[in-house]
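Hi,

Here is the model I promised to pass on.

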Amino acid sequence: MKFRTRLQLTFITIIILPLALTALAFCGIGLSLMDAQKGFPIEEIDYETMTENIQEVVDATDRVFSRLQQQAWEDPSLLADKRYLEEVNSRIAKRTTYIIVRKGQELYYAGNEDAADAIFSRLPGFGEREQPDNSGFFFNDLDKYVKQLDFLFPDGSQGSAFVVTKVNTLISRQLLVDMFVAIVLILIFTSLMLTWWIHRGVFTPVNELNVAMRKIKEGNFEYCLQTDARGEIGDLYRNYEDMRLRLKESTEENRESEKQNRELVSNISHDLKTPITAIKGYVEGIMDGVADTPEKMDKYIKTIYNKANDMERLINELTYYSGIDNNRIPYNFHRINVEDYFGDCVEEVGLDLEQKNIVLNYSNLVQPHTVVIADPEQMKKVINNIISNSVKYMDKPHGIIDIRIMDEGESIRIEIEDNGKGIAQKDLPKIFERFYRTDTSRNSAQGGSGIGLSIVKKIIEDHGGYIWATGNEGEGTCIHFVLRKYIELSAGE
């Protein structure tokens, strides 16, 4: 869930939930108070009566009513004495309670004349509402609680005494306390629920991410965070996973690079040490006078020259490889015709191979107008490196190198195969690695540096192609590489 949606739901919950729970609490408390008041002598009870403390209303009315009722039993004639009625009315502690006495259908006495005018016409007749348990009745619209006492005047006329109590609209203490406690509990419940929801939806994921980031800081890239959550939290988890995998991959690449750099230093030291040692040896021989004839002197100088050339070639290859490995050597890509370009290359290398008694066979099976996008100079380096490798490791008296170009639909495949000493099957996948040579002793007698084929692989991959090798030990080796064709789209495509 998105943070925006979560905040909106939190805002709505903070408003609606307390209101709904407060309404339910009010109804529940009201019903419970109504049940609790069932024992009081009131015929009609509704929520309007709940706005006053019912016990206080009943007590105030009953005290006055009991006095009048006792007097009616002892001497009903006093109920016709207005001075007596005034005395009783004046002693009522609750000012909202007063007495009304009716004689026949006329108002005989009113403790509160203004209030009596509003209710007098609605009072029940003689004998209509008197109950055995002396229960009262309630006028909802007037907020009046009334008890009726019927008696006879001394002249025999019918009379009724009414004790009327005004129910105040102030909230009763009990209801106030109950509602206050209910609201506090509702707010606590709402707060706890929202706190739990936000903690589960926000703080828990943040804590998990914090633990995961500490793992990353400690170099542990195996600590995974999986989630099905959506929104910002889900995106954060997925971004962490992407970051973790990238860091893990980058760290592994750095470790491999450091390993290769260590091997590079070791291999350079080894490959440079051999010619330097030879040069020093032959120079010492000249200095000590061992080369005491012109023939020996010439041999020593040529050997020194060849070893110096080997060192120069190794340094040049290292410099070149470092350049293309760090993308510091720009490529000049052109559209080149396959037939013309490879035909020129074969013609150029063929002359050199004839002098070394190696036969070069060439076959081109692609269409005459086939075109590829390539850097002519870099592609020439690829062909020269592969052929020079074949020449170096040629162990047959009659060497043969075959160059074949085949059509493979949207690409062309070039094969350069020799009948040399071949490569063991276990070594074939490794020959394109930097400084890898099949002779574990790294004998440099043949002049190999071990980075020629790694340069070839890098150039082919930078051209968008791929390269591999096949062959058998003792039979020869075939290098295959693939380049995509250049296909010019027509105007309608």
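Which strands does helix α10 (residues 452–462) lie across? The strands are β11 and β12, and α10 runs at about 140° to β11. Angles here go from 0 to 180 degrees between N-to-C directions, with axes as lines fitted to C-alpha atoms, for helices over the stretch in contact; contact means heavy atoms within 4.5 Å. Helices (H or I, at least four residues) and strands (E, at least two) are DSSP runs, numbered from the N terminus.

Some housekeeping before the rest. This is a predicted model, where local features need pLDDT of at least 70 and side-chain atom pairs count only at pLDDT 80 or more, while totals for chains, interfaces and linings use all residues. Residues are numbered from 1 along each chain as its sequence is written, and side-chain values use heavy atoms, with hydrogens and water left out.

**Overall numbers**

The protein has ten helices and twelve strands. The accessible surface comes to about 28800 Å², and carbon and sulfur atoms hold 54% of that; the areas come from the Shrake-Rupley method with a 1.4 Å probe, and for residues only the protein chains shown count as cover. Among contacts with a separation of 6 or more, 63% are between residues 24 or more positions apart.

**The sheet around β12**

An open sheet of five strands has the order β7-β9-β10-β12-β11, and its pairing is mixed. β7 (358–364) and β11 stand at the edges with a single partner strand each, so one side of each is left without a neighbour in the sheet. On average, neighbouring strands of this sheet are turned by 15° against each other, direction ignored.

Strand β12 (residues 476–484) has eight of its nine residues buried, so it is largely enclosed by the rest of the structure. It pairs in the antiparallel sense with β10 (residues 411–418) over seven bridges, and with β11 (residues 466–472) antiparallel over seven bridges too. Two strands count as paired if DSSP finds at least two bridges between them. If you want specific bridge partners to click on, Ile 414 goes with Phe 481 in β12, Gly 471 with Thr 477, and Ala 469 with Ile 479. The hairpin of β11 and β12 has three residues between the strands, and Gly 474 takes a positive phi near 90° there.

**The helices on that sheet**

α10 is mostly covered, with eight of its eleven residues buried. Just after α10, Gly 464 takes a positive phi of about 85°.

Helix α9 (residues 376–392) lies across β7, β9 (399–407), β10 and β12, running at about 170° to β12. Its 17 residues reach 24 Å from first C-alpha to last, close to the 24 Å expected at 1.5 Å a residue; the expected span is 1.5 Å times one less than the number of residues. The buried residues of α9 include Met 379, Val 382, Ile 383 and Ile 386, along with the polar Gln 378 and Asn 385. At the N-terminal end, Asp 375 caps α9, with a side-chain oxygen 3.1 Å from the backbone nitrogen of Glu 377.

**The other sheet, and a buried lysine**

Five strands form another open sheet, in the order β2-β1-β5-β4-β3, with antiparallel pairing. β2 (106–110) and β3 (137–139) stand at its edges, each with a single partner strand, so one side of each has no neighbour in the sheet. Neighbouring strands here are turned by 30° against each other on average, direction ignored. Helix α3 (residues 82–90) packs on this sheet, touching β1 (97–103) and β2, and its direction makes about 50° with that of β2. β3 and β4 run antiparallel and are joined by three bridges; Phe 138 has Tyr 145 in β4 as its bridge partner.

Have a look at Lys 147 as well, which lies in β4 (residues 144–152). Lys 147 counts as buried because its relative accessibility is 4%. Its side chain makes a polar contact of 2.9 Å with the side chain of Asp 62. A polar contact is a pair of N or O atoms within 3.5 Å; within protein, one must be able to donate a hydrogen and the other to accept it, and residues adjacent in sequence count only if both atoms are side-chain atoms.

Cheers

Terms used: Buried means under 20% relative accessible area, exposed over 50%, partly exposed in between (1.4 Å probe, protein chains only).
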